[in-house]
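Subject: Structure for you to look at

Hello,

Here is the structure I said I would pass on. My notes on it follow below.

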Amino acid sequence: MRYLDIDTVPKISTIGLGTWQFGSRQWGYGTPYAERESRAIVRRAIELGVTLFDTAEVYGLGRSERILGQAIEGYRDEVFLATKLLPLVPVPPVVEQRAVASANRLGVRRLDLYQVHQPNPLVPDTVIMRGMRALQRVGLVGEVGVSNYTLARWKAAEEALGARVLSNQVRFSLAAPGPADDLVPYAERTGHVVIAYSPLAQGFLSGRYDGATRPRNSVRAFNTLFLPVNQKRAAGLLRVLHEVADAHDATFAQVALAWVIRSRAVVAIPGASSVAQLESNAAAAEIDLSEDEWQALRDAAVRFRPAAGPATLPGLVRARLAASAGASAGA
Ligand SMILES: NC(=O)c1ccc[n+]([C@@H]2O[C@H](COP(=O)([O-])OP(=O)(O)OC[C@H]3O[C@@H](n4cnc5c(N)ncnc54)[C@H](OP(=O)(O)O)[C@@H]3O)[C@@H](O)[C@H]2O)c1
């Protein structure tokens, strides 16, 4: 495993683990996954040197935090624990109360990284950060982070806190390469961190799915990337991914992760549906892409223009119906 050169305890691993999947109906991995596999995934991740674990109060309406909290019992010092506040009414007393509730579900006395899940369009960060500052003062929160913030708002949040807002967690992958243009260079220059979520584009970049084989859970039934039109449009990107994967004797997913974390300011938090996936993802930390490979993948990513918007609605409705039919057949 590799770690960021940033002054946290413990150091942040460049491959972390996202846990939205834990206890989530939308991912639909079921009871055996929530009760056994998720714990096995976390324990194996710790063995492999993964330190960064990401959850949120909203995942599974608190179940993800509970499952993760139980799984790290006995390993607290080896884990850099990150959770998120859903900022619906983010006035300071609510921010403080939500942090205490998350810590209780996780069974810990300190949140290493407490992130604002989304920018609130109405409440400015000057208000939210008053709550964060109070939480840092009493030691319940270590680092403050944001998520889905533009660069301008990230900087404004930091000014409002009056201290570093360590990280911005954003969608970043070969299917969503935008952060490489602005957030990543900023983080590199200033000692901040970009946390890449959906780094495998929810499995789209694994090469496992195509027009005929589609994932059947509700998260991905609403993800336009999995529509046949976008599978076709991604052919060029997947071809380059294939070439680079062959050159490294690696999988598509591993190269997709290695591409995201090539910058020393970026970490990725892939979710995993099995221990084997977690192991494969953790191993991606060791892959060194050359400058040419990174650039070829970036060019292919920029050329990939997935269909989006109203034109994709009929396809999404069909996918949604197929997902519901699959769920009732499997129930
Ligand atoms: N801040 C935010 O707004 C936000 C939004 C979304 C996610 N997140 C965070 O980011 C984490 C990751 O994002 P995500 O779950 O949306 O997407 P992701 O990590 O890109 O995709 C995860 C899915 O990809 C498949 N997969 C994982 N490893 C694989 C491998 N080695 N080979 C083949 N397939 C593999 C698995 O699905 P199958 O096996 O079922 O195909 C897995 O559930 C979440 O758990 C959450 O913590 C944050």
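Two strands are taken to pair if DSSP finds at least two bridges between them. Helices (H or I, at least four residues) and strands (E, at least two) are DSSP runs, numbered from the N terminus. This is a predicted model, in which local features need pLDDT of at least 70 and side-chain atom pairs count only at pLDDT 80 or more, while totals for chains, interfaces and linings use all residues. Residues are numbered from 1 along each chain as its sequence is written, and side-chain values use heavy atoms, with hydrogens and water left out.

The sheet

Eight strands make up an open sheet with parallel pairing, in the order E1-E2-E3-E4-E5-E6-E7-E8. Strand E1 (17–18) and E8 are at the edges with a single partner strand each, so one side of each has no neighbour in the sheet.

Strand E2 (residues 52–54) runs parallel to strand E3 (residues 80–85), and three bridges join them. Opposite Asp54 stands Ala82 in E3.

Strand E7

On one side, E7 pairs in the parallel sense with strand E6 (residues 165–171) over five bridges. Ser167 has Val193 in E7 as its bridge partner. Between E6 and E7 the chain passes through helix H6 (residues 183–190), giving a right-handed β-α-β crossover: with the strands pointing away from the viewer, the path from the first strand over the helix to the second runs clockwise. E7 is also joined, by three parallel bridges, to strand E8 (residues 266–268), where Ala268 is the bridge partner of Ala196.

Helices H2 and H3

Helix H2 (residues 63–71) packs against helix H3 (residues 92–106) at about 45°, with the axes 7 Å apart. Axes are lines fitted to C-alpha atoms, for helices over the stretch in contact, and angles run from 0 to 180 degrees between N-to-C directions. The two helices are therefore oblique to each other (under 35 degrees is roughly parallel, over 145 roughly antiparallel, 65 to 115 roughly perpendicular, the rest oblique). Glu65, Arg66, Leu68 and Gly69 of H2 meet Ser102, Arg105 and Leu106 of H3, contact being heavy atoms within 4.5 Å.

Regards
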